[in-house]
Amino acid sequence: MLCQLAKRLALGQTTSEQITRDCLSAISQRNPRLNAFLEVFEDEALAQARESDARRARGQALSRLDGIPIAVKDNLCMRGHLCTAASKMLSHFVAPYDATVIRRIREAGMPILGRLNMDEFAMGSATDTGFWGPAHHPLREDLVPGGSSGGAAAAVAAGLVPAALGSDTGGSVRQPAALCGVTGVKPAYGSVSRYGLIAFASSLDQIGVIARTARDAEMVLQIICGTDENDLTTVPGLYRPQDCGLRGCVLALPRECFAQGLHPEVRRAVMAAADTLAGLGARVEEVSIPALDLALDAYYVISSAEASSNLARYDGLRYGYRAVGCADTDELYRKTRGEGFGLEVKRRILLGTYALSSGYRQQYYLNAQRVREELSAQMNALLERYDALLTPVTPTPAWKQGQHNTAMERYLGDIYTVPANLAGLPAVSVPCGKTSDGLPIGLGLTAARDGLGRLLSLCRRYQQEVGCDDE
């Protein structure tokens with residue numbers, strides 16, 4: 001979709017204003033039921049589109065994507081706009097600056113359509129923990145779209161916007177992309193600046209892209225990737241576009257990802273995708289990554305510990321929500337955080353604070369870090385011999401709203417996605433089939449830290465074969 005729009009713009013077959021109006025029309029028709037957008041910047045987007053058309057008329061397009069609209073998750077700062085992270089705590093916070101990715105999107109000439117729904121502070125797997133209500137699946141409104149970037153995935157899958165920016169701490173770009181039937185890309189840690197991203201877990205968070213195809217997503221990545229003096233964790237050269245075939249490619253199939261708990265139809269679709277890749281010239285081999293069995297446990301200890309630290313800044317004194325009628329500072333802290341945070345955020349703050357507390361830090365947090373180191377070592381050792389790890393993205397298709405009521409049921413949905421975040425590796429989710437009742441299934445691919453360019457090339461070749469690449 002995005003590639004086609006870029007071609008049509010370049011050939012003068014359409015205008016940015018027309019594309020933007022089409023998106024705004026689709027949003028007005030479908031968003032009241034999907035709740036994917038929290039706010040639409042109609043006038044601003046149309047003004048940006050007209051400016052793009054004027055540039056193209058002068059032969060001064062800023063990029064291939066100049067004039068193509070995009071939308072962003074509600075945890076990325078945009079100067080002069082609300083940025084709430086779907087939380088009551090930030091319900092009135094207006095960002096005083098642009099995140100680096102937003103600045104780069106603007107410099108590329110892409111109109112920004114609005115803010116997208118998410119789980120509160122990106123904590124959740126169904127986009128139903130936010131203050132502004134749940135988002136809904138674009139195919140069936142009684143289903144969840146995944147999370148925490150569920151608003152982004154639903155908006156792209158429903159055709160409301162060609163591409164969207166999300167954040168991925170433990171699968172929050174790839175998991176909703178898989179459940180909604182679109183492509184989600186999490187670059188390696190350090191590939192994209194996190195400056196201006198509201199933090200959840202700083203050693204795990206990474207901004208990613210959701211689009212129809214890997215080719216579409218890659219066009220956006222070429223704009224947002226790169227080093228940034230405002231984020232010293234960014235590393236040069238992690239992402240370089242490549243064009244390579246599947247012949248000679250060797251893919252690893254971790255047996256731990258195909259054990260008990262995987263839905264039979266998900267298993268069949270992923271194995272069918274592996275057969276397709278083998279038919280295109282790749283070699284698929286079964287391997288073992290023993291530390292995968294502890295990855296989910298380590299992730300929730302580490303991410304919750306970092307969240308408890310990052311969210312300590314929301315105390316009612318500096319910015320954000322402030323409780324009223326408090327007798328002293330201690331009551332102000334307690335009431336502000338008790339009223340401003342939702343249940344899932346409170347749960348993770350409590351878990352993280354406990355894991356870091358005196359007497360338990362060694363038992364939980366430090367042991368989780370040891371698991372992280374061992375998992376990273378095992379995955380990196382395999383990726384010296386294999387081009388990518390091939391896994392499911394989710395253990396099940398999209399489920400009904402309210403079906404997974406316990407925290408453990410929700411957390412298990414991240415079992416196949418968290419390893420890439422713990423190891424800081426690039427990972428992609430691409431559609432690979434549907435269930436018998438038409439629900440999308442995603443294929444997960446993870447590469448070495450500097451392997452995103454090759455990984456996306458493999459995804460493009462696969463999507464060409466199955467007929468979903470619009471190039």
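Okay, housekeeping. The model is predicted, so local features need pLDDT of at least 70 and side-chain atom pairs count only at pLDDT 80 or more, while totals for chains, interfaces and linings use all residues. Residues are numbered from 1 along each chain as its sequence is written, and side-chain values use heavy atoms, with hydrogens and water left out.

Let's start with the empty space. Rolling a probe the size of a water molecule over the atoms shows where empty space is left. Here that's done on a 1 Å grid over the protein atoms alone: a cavity is a set of points where a 1.4 Å probe fits but cannot get out, a pocket is an open set with protein on both sides within 12 Å along at least five of seven lines, and lining residues have an atom within 4 Å of a point. Points are joined across faces, edges and corners, and a volume is the space filled by probe spheres set on them.

So, which residues lie nearest the centre of the largest pocket? They are Gln260, Pro395, Leu412, Ile415 and Tyr416, out of 20 lining residues. The volume of this pocket is about 380 Å³. Helix α9, residues 295-310, gives the largest share of the lining, with three residues; helices here are DSSP runs of H or I with at least four residues, strands are runs of E with at least two, and both are numbered from the N terminus. By class, the lining has eleven nonpolar, five polar and four charged residues. For the classes, Ala, Val, Leu, Ile, Met, Phe, Trp, Tyr, Cys and Pro are nonpolar, Asp, Glu, Lys and Arg are charged, and the others, Gly among them, are polar.

The second largest pocket comes in at about 280 Å³. Its lining has 16 residues, with Tyr97, Leu197, Ile198, Ala199 and Arg313 closest to the centre. Ten of the lining residues are nonpolar, two polar and four charged.

The largest cavity is about 140 Å³, and among its 19 lining residues, Arg174, Thr391, Tyr416, Thr417 and Thr446 lie nearest the centre. Two or more lining residues come from each of β9 (388-392), α14 (418-423), β10 (427-434) and β11 (440-446).

Phe200, Tyr299, Tyr300, Arg348 and Asp414 are among the residues that line it. Its lining divides into five nonpolar, five polar and two charged residues.

Thr391 sits in strand β9, and it counts as buried because its relative accessibility is 8%; buried means under 20% relative accessible area, exposed over 50%, and partly exposed in between, with a 1.4 Å probe and protein chains only.

Next, Gln463, in helix α15, residues 452-466. Buried or exposed? Buried, at 0% relative accessibility. What does its side chain do for polar partners? There's a polar contact of 3.1 Å to the side chain of Thr183, that term being a pair of N or O atoms within 3.5 Å, where within protein one must be able to donate a hydrogen and the other to accept it, and residues adjacent in sequence count only if both atoms are side-chain atoms. A polar atom of the Gln463 side chain also lies 2.8 Å from the backbone nitrogen of Ala214. Leaving out residues up to four places away in sequence, Gln463 touches others too, including Arg212, Val430 and Asp469.

On to α4. Thr100, Val101, Ile102, Arg104 and Ile105 are buried in this helix, and the cover over its buried residues includes β2, β3 (112-116), β4 (163-167), β6 (207-211) and α7 (214-224). After α4 comes Gly109, with a positive phi near 85 degrees.

Last one, cysteines. With a disulfide taken as a pair of cysteine sulfur atoms within 2.5 Å, the count is zero. For Cys180, the nearest cysteine sulfur is that of Cys432, 15 Å away. Cys180 is buried at 6% relative accessible area, and Cys432 is buried at 12%.

Note on methods
Contact means heavy atoms within 4.5 Å.
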